[in-house]
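Work through the exercises below with the sequence and the model open. Each task is followed by a solution in steps.

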Amino acid sequence: MNSDRRSFFKTLGSAAAAAAAVSVPGINQAAVAAVSSGDGRAFNVQRNLLEIEGAPSGDLASVNGGYPMGIVVDDGIDQGGVMRKRLAGVKHKDLELSGGAGMGPKFFQLISDFLSLQSQTFNGAVSYSDAKFREGGRLDFTDAVVHSVRIPAMDASSKAVGHFGVTCRVGRSTREKGDGSKSTPPAKAKPWQLSNFRVSINGLESTMSLTTRVESLVIRQEIFPTASGAAAVDAGPLQIPDLVLTVSEQRSEPLYDWFENMVEKENPDERDGKIELLASDFQTVLFTINFFNLGIWWLATEDGDGSILRRVTAKMYCERMSFTRP
């Protein structure tokens, strides 16, 4: 087959695929539009570029939600016994953002402000781009406010890359078709691996140096909407989960002493601690998560045999957290 015929069938196949995407039921037409440039060229979305207050803030690992949807309510039963329905306003699905260590400072400032009870509403956008950073579509949003932050589980044996989750309430959003214009590529940064971490708790430094796993932490806060439905900073207290650690039994006696003193003897013995997220050299600190007023309340030793080291899992309540990026 000569090159002219190959080009013809390639073009024909692309057109057929595009037509199928438009005509087949169940295809998300908004998503199709979001990855098509102004002149109709199809885009293969490989980049989700975040903007916060007009400034580039990194390449997201994933993004979901943020779009408007109608509120359906029952409107009474008619004479035929049918429940009538109608639309009663508009709401927005929460915007879920996930980004790694290469995100911009404004992304991590959202996490820091949230944990410090200093969240403010902000405006932003997500640009859906191809591998060459040509924009195929974008989601612009306003009056967003963070109401949940997820810190991933860490495991000394993991080879996976870590991502932070930020979920926002959105006041308003609009989708726009891209024109294929090229965005500035974000600065490259080495990823943070889930195995690169260091735990420290006052009085338990030796024990915590043998920590093998830290469970995921999801911190939430209730956001109270304004009368207009826009997101508001008027919010409730942070709902901070337990810090759950797994350590080697080899040096766990100080942990049992803490448990005995606080739980069995009922002596107040809250402590502060931190988790440092490290670069590949295991020395450079990328981020620090501080924990204040930790109180141990659960401690268990896993069963094992002579072929493996037994491990101890501890659960501690925490009253306050902070997040810093050097």
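## Exercise 1: I151

Solution. The model is a predicted one, in which local features need pLDDT of at least 70 and side-chain atom pairs count only at pLDDT 80 or more, while totals for chains, interfaces and linings use all residues. Residues are numbered from 1 along each chain as its sequence is written, and side-chain values use heavy atoms, with hydrogens and water left out.

Step 1: I151 lies in strand β8. Helices (H or I, at least four residues) and strands (E, at least two) are DSSP runs, numbered from the N terminus.

Step 2: not counting residues up to four places away in sequence, I151 touches S216, L217, I219, I289 and M321. Contact means heavy atoms within 4.5 Å.

Step 3: from I151 to V166 there are 15 residues in sequence and 9.2 Å in space, C-alpha to C-alpha.

## Exercise 2: D143 and E266

Task: state where D143 and E266 are found, and how exposed D143 and E266 are.

Solution. Step 1: D143 is found in strand β8, which covers residues 135-151. Its phi is near 55 degrees, a positive value in a residue other than glycine. With a relative accessible area of 31%, D143 is partly exposed.

Step 1: E266 is found in the loop between α5 (253-264) and β17 (271-278). Phi of E266 is also positive, near 60 degrees, and the residue is not glycine. Its relative accessibility is 65%, so E266 counts as exposed.

## Exercise 3: V214, S322 and G203

Task: for V214, S322 and G203, find the element that holds each residue and the residues in contact with each. Neighbours within four places in sequence are left aside.

Solution. Step 1: V214 is found in strand β13 (residues 211-214) and counts as buried because its relative accessibility is 0%. It is in contact with A153, M154, F197, V199, L243, V244, L245 and I275. V214 and T246 are 32 residues apart in sequence and 6.6 Å apart in space, C-alpha to C-alpha.

Step 1: S322 has its place in strand β20 (residues 320-324). At 14% relative accessibility, S322 is counted as buried. The contacts of S322 are L115, T288, I289, N290 and F292.

Step 2: G203 sits in the loop between β12 (197-201) and α4 (205-208). Its relative accessibility is 55%, so G203 counts as exposed. G203 is in contact with P254 and R271. G203 and G273 are 70 residues apart in sequence, with 9.5 Å between their C-alpha atoms.

## Exercise 4: The chain as a whole

Task: how many helices and strands are in the chain, and what percentage of its residues is buried?

Solution. Step 1: the chain has 5 helices and 20 strands.

Step 1: of its 326 residues, 40% are buried.

Step 2: among contacts between residues at least 6 apart in sequence, 69% join residues at least 24 apart.

How values were computed
Buried means under 20% relative accessible area, exposed over 50%, partly exposed in between (1.4 Å probe, protein chains only).
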